[in-house]
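Thank you all for making time today.

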Amino acid sequence: MQASGSSTSGWPKLWLVMIGIVPALGAVMVYGLPTGIIVVGAIFLLLGIWNLWVSLQIVAGDRSVTLREDSMAFSDEKRFLLRTLEDLEYERTTGKIDDDDYEELREQIRNRAQRVLSEDETELRNRAEQLVEDYLRTHEKVSTAGSKSASSTTTKTRQCPSCTTENDLDASFCKRCGKKLPSALSNKARES
Amino acid sequence: MWHTIPALGTGLLTASLVASGFTFFLAALASSRPRLLAAARRAAYGTAAWTTAAVAILAYGFVTHDFRLSYVSRYSDRSMSVGYLISALWGGQDGSLLWWMFLLAAYSAVCVAWLRNRYLALQPYVIAALMGTVAFFGLVTLVAADPFTLNLAGPPVDGQGLNPLLQNINMVIHPPALYLGFVGCTIPYAFAMAALVSGRLDNEWLIAIRKWMLVAWLFLTLGNVLGMIWAYVELGWGGYWGWDPVENASLFPWITATAYIHSAMVQERRPMFKLWNISLVSITFFLTIFGTFLTRSGVIASVHAFAESDLGIYFLYFLGLLISTTIGLIVWRWSPLRSNTSIESVVSREAVFFSLNWVLIGTTTFVLVATTLPVLSNALVGRTITVGPEFYNRWMTPIGLVILAIMGATPLFGWRKTNAHAVRRGFIFPATIAVLGLLLHLVFGPSLGLPPFVSVTTEGDLEPLPGVLQYLGKIVPVVTVTLATFNVAVIVQEFWRGAKAQRSVRKTHLLSALFHAVSRARRRYGGYIAHLGLVLVFVGFLGQTWNASGQASLVPGETFSIENYVLRYERSRVERDRAKDMYIADLSVTDRTGAYRGTVSPAKYVYRSHRDQPTSEVDVLPSVRDDLYVVLGSLSLESHRAAIQVYVNPLVSFIWIGVIIVVLGTGICLWPHASMSRQRKTQRPDDGNGERKAALDVERKDAHAS
């Protein structure tokens, strides 16, 4: 599954846990166990409200999410297949398995490993393509926006360097003082 | 704020129920909708947080003695210490359901956090299955067993207190451990459902739940054993397992989970046993719910059960829904679940695991039918038939021996088929050692008081045993000792072979090679260590065969002899603390040669909150060979006469040592590989480079392995 958007983890960060533990311990030490328990309850109540609120925001589309399969699952399977191969090797060394059975089982496991690796490759390629696409899209937007804003100042009018009167872009002389206007190219260069 | 506590508790419980329902729907609709999945994950955290807050409110009620709450007034009083006040959270029906819901929600949150961006195709259904179960427990708690219900007649001056039998340190830790085991079985089931719904029935879900199932199995083991210890030291009948329906209920999922852990190994290596594995995971989860039904419905009488209530019907409906859904999904996915490969040879590991599956499922069915016999017989033949411990012991002994034999032989078989030479090579050493064990038992057993043959007596109204079983009953000790020796020899041989293989590669000394062998294949060797522990547990169970017991009525100065022990009654005394009066008899123990062995002080405790229910506080003088187990039956304050029951229970210590070794072995299986933890540290979830490196790493190792 792929989608743009987000950090789904949302797992309480260490500092959040500390923020919870410190007041609870403080309350236990200063006011006794009952108060400590009620502080813990309050912290979890707030934690619940916060998480449900974020959940509702995500459902409503008010919060961006990014969810993308990472290849940890594939790594799990790869590691697992590697161990299976090692284990098979061990069984062969200890003479528990015939050579022909060993060959066949090893082939089966290797085929599975290849399939997983190719899935992994595809996943990584998709990820790379997605990143490039995202980058290009963002970059395009920025450059489009940049060129638009630039053109808004350069395409509509040109300022006379001596009397600051706005003249048409294609004008060669100022319409007020009659002085010669600099060429469009040099104007652009100055702006940049 | 104090006035609002009960309402706040019910409010939080309701909020948790609504949140879990909300999460369930979000997750159920989240397939291919990442936004909904992200929202469901957050909502799952929220549900767990609110459930925790509800438990905190109830704990606050207990520690502040808020007797406005009916539950608090029924299960605590002002004399109880903080530890027991907290344990009262799960001491009664209502609180234990909330506790279950809390553990499940917390487990779910940890699972969701662990999942992160992994298994995205399975995740929606996993979360939906978990939250559906949380919602069920929330609904039952709220509708039928709200622990925040107020006392209608107003708060009493003091509470009724916790049942004295539950005021034991084991009872503080046994239920949470067992619940963690029960609740832990929900996660593998959620993955199995996700695999069925999504159609991803390959090894993906199997790999995902490997550690989850082991953790659940570990907690089930610990929960069961802590329950045994509690029964041993608190109930005072001399034993640790009475085949009580509630004890059996916690044993069912343990057996099927054990079957799954072994059965999964086959699917991991070969495209077989898919149906078995899905079924075993599902049955394990169903049995946890069925156990809860047995414990709470009151349909079967038990010393451990909660009071009779109408809660059972909810569990029955839920169980019906679960079973029909699972069967429906299995039928739907029948084609991919069917195995394309068959077992090629009966002399193969697949065949042994296949037989193990059937033996363990058969055992579960046997104990299940025997446990529910009162209800079944009532429904079928119109009269209630119950069976006692004798019946179970008689039939479970041969079953146990078959399991012990399979356990020993399995490591000696290879995958697909094992040739005659390999079988011979594998069996020679263990068989020789087993014969040696047999001879040693025949020669030295009688002089140690552990004879190899025993007489079989028919107790109660049981029919006499058929010929073969009668004979088997007589030779149980020697068969068990032989099989146990065989098992130990197989394990030693496996370690030796592993170390030898490593030594030939690494050119290092034996201990270092052994260490490398274990650290490279933790699951294999952790499993062997767990097997070793189980062998010791079996030997411990065998000890029952040589039990001796006696009773005496003594005045101070008199002695009583049993087996190798001489007990001298020294004095009686009465002590008091905040909660109870303690009537204690002190006896000094020597052996037949006169050597001092220790002092035992069995007692009767009379809790002021439960004066009509005195408890026997057993005292045990343990040793490796046997436990001297002394119960005080009665004590006269005028004449100081004490009636005592004395049991000599051989080899009980083997059970506890065995369990410690099982835990150690499971710990080794669970221990993450160093390379993996290093990799995880350097590999951030979104770090493509790290993954790429990992992929290359594996490819490289793969090449090396081949």
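From the N terminus on, the elements of chain A run β-α-α-β-α-α-β-β-α, which gives five helices and four strands, where helices (H or I, at least four residues) and strands (E, at least two) are DSSP runs numbered from the N terminus. Please bear in mind that this is a predicted model, in which local features need pLDDT of at least 70 and side-chain atom pairs count only at pLDDT 80 or more, while totals for chains, interfaces and linings use all residues. Residues are numbered from 1 along each chain as its sequence is written, chains are lettered from A and ligands numbered from 1 in the order in which they are written, and side-chain values use heavy atoms, with hydrogens and water left out.

Of the 192 residues of chain A, 36% count as buried, meaning under 20% relative accessible area, with exposed being over 50% and partly exposed in between, for a 1.4 Å probe and protein chains only. Among the contacts of chain A (heavy atoms within 4.5 Å) between residues at least 6 apart in sequence, 45% join residues at least 24 apart.

Turning to chain B, we find 23 helices and 10 strands. Its radius of gyration, taken over C-alpha atoms, is 28 Å, close to the 27 Å that the globule rule (2.2 Å times the number of residues to the power 0.38) gives for 706 residues, so chain B is as compact as a globular protein of that length. The C-alpha trace of chain B spans about 80 × 75 × 55 Å along its principal axes, and buried residues make up 58% of the 706 residues. For contacts in chain B with a separation of 6 or more, 72% are between residues 24 or more positions apart.

Four strands of chain B form an open, antiparallel sheet in the order 1-10-9-8, and its edge strands, each pairing on one side only, are strand 1 (548–554) and strand 8 (619–622).

Lastly, which backbone positions deserve a careful look? B:Tyr119 has a positive phi of about 45 degrees although it is not a glycine; B:Tyr119 is found in the loop between helix 5 (93–115) and helix 6 of chain B, and is buried, with a relative accessible area of 2%. B:Arg416, also not a glycine, has a positive phi of about 70 degrees, lies in the loop between helix 16 (389–409) and helix 17 (420–444) of chain B, and counts as buried at 13% relative accessibility.

Methods: Two strands pair if DSSP finds at least two bridges between them.
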